[in-house]
Structure formats: structure tokens, C-alpha cells
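Subject: Handover of a structure and findings

Dear colleague,

Please find the structure below, together with its sequence.

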Amino acid sequence: LRAVLVWGPTPLDLDLVTAVSGPSGGAPFQAGRGRGGDSGGAGAPCEISYLNTECGDAGSGFTGRLDHDTRYGLGPETVTVQWGSFSEGFLIMRVNDFNQEKVDVRTNRDPLLLASRAALDLYGAAPDDA
């Protein structure tokens, strides 16, 4: 599966965050490697983002990685997932405005994110489609 996030010229830095969840909503495994190659270590959730660029599980063969982190508008920001034998859970993807400079405290909404024309395209097979 390949996820591609694109957006308009503002905000400059949107982030695609991908969390891996087990069938009951908990983390099915915990592994990762951050920006500097540091280990996510025990207790680190399997979440793929600019802070944790890779996540995987040797037992199931699941791997996920942030391929491209765009910080200057328009995208693309891309995440690639290889399912392996992992099929008892799901991915949760969300888009964050990295700077969050203009969040309306009354509504907790970011007007720049709402106006960004962000689009997330998914390519490839999910585990049930493989």
C-alpha cells in the first residue's frame, strides 16, 4: 500500500501520520526507528511519522516507512506499507498541520488545514485484497 498526501501552497508543512492498530484497537507490535536511526524501544507505539520514520514486525513481515517528508508546501508526503502476513488489524491515517499557528481555540479547528486542499490517495492492495 502506498499513501500519497498532496496539498496547496499553505500551510507549508502537513504531516501524514500512520498508526498501526491490532483487531481490538491496541498495538499489535511495537517497533520503530526514528529520524536518527534510534530504536523506538519497548513501549514505543507502531506509528509512522516524521518522528518515527519506520515501523515493523519481524514475526508478521509487516513494514511501514515514511518515504518522503515534505516541509515546504504542495507535497507529496508518502508512506509505504508492506503487509506481510499481518491481517488482524488496521491502519489509522491522519493529517496534521505541523505548525498549527492558527488553531481556533473555540472549535479546535485549524483554518489553514481546512483550506489546504489536502488530498490523500491510496494505491495498492490492503490485506483482504491481496
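In which sense do strand S1 and strand S9 pair, and over how many bridges? Strand S1 and strand S9 (residues 119–123) pair in the antiparallel sense, with five bridges between them. Here two strands count as paired if DSSP finds at least two bridges between them. Strand S1 (residues 2–6) also pairs with strand S7 (residues 77–82), again in the antiparallel sense, over four bridges. Val 4 illustrates both pairings: it stands opposite Asp 121 in S9 and opposite Thr 78 in S7.

Before the remaining findings, a note on the source. This is a predicted model, in which local features need pLDDT of at least 70 and side-chain atom pairs count only at pLDDT 80 or more, while totals for chains, interfaces and linings use all residues. Residues are numbered from 1 along each chain as its sequence is written, and side-chain values use heavy atoms, with hydrogens and water left out.

Overall architecture

The chain contains one helix and nine strands. Both kinds of element are DSSP runs numbered from the N terminus: helices are H or I with at least four residues, and strands are E with at least two. Read from the N terminus, their order is β-β-β-β-β-β-β-β-α-β.

Three strands form an open sheet in the order S4-S2-S8, with antiparallel pairing. Its edge strands are S4 and S8, each of which pairs on one side only. Strand S2 (residues 14–21) is joined to S8 in the antiparallel sense over eight bridges. Within that pairing, Val 20 has Leu 91 of S8 as its bridge partner.

Buried residues make up 35% of the 130 residues in the chain. Buried means under 20% relative accessible area, exposed means over 50%, and partly exposed lies in between (1.4 Å probe, protein chains only). The chain exposes about 7,500 Å², of which carbon and sulfur atoms supply 52%; the areas come from the Shrake-Rupley method with a 1.4 Å probe, and for residues only the protein chains shown count as cover. Among contacts (heavy atoms within 4.5 Å) with a separation of 6 or more, residues 24 or more positions apart account for 62%.

The disulfide

The structure holds one disulfide, a term used for a pair of cysteine sulfur atoms within 2.5 Å. Cys 46 and Cys 55 form it, with their sulfur atoms 1.6 Å apart. The torsion about their S-S bond is about -125 degrees, and the disulfide is therefore left-handed. Cys 46 counts as buried at 3% relative accessibility, and Cys 55 is buried with a relative accessible area of 4%.

Salt bridges

A search of the whole structure finds two salt bridges, each defined as a side-chain nitrogen of Lys or Arg within 4 Å of a carboxyl oxygen of Asp or Glu. One of them joins the side chains of Glu 47 and Arg 94 (3.5 Å, N to O). This pair links distant parts of the chain, 47 residues apart: Glu 47 lies in strand S4 (residues 47–48) and Arg 94 in strand S8 (residues 90–97). Glu 47 is partly exposed at 25% relative accessibility, and Arg 94 is partly exposed at 39%.

A salt bridge is also formed by Asp 67 and Arg 65, whose closest N and O atoms are 2.7 Å apart. Asp 67 is partly exposed, with a relative accessible area of 33%, while Arg 65 counts as partly exposed at 39%.

Yours sincerely
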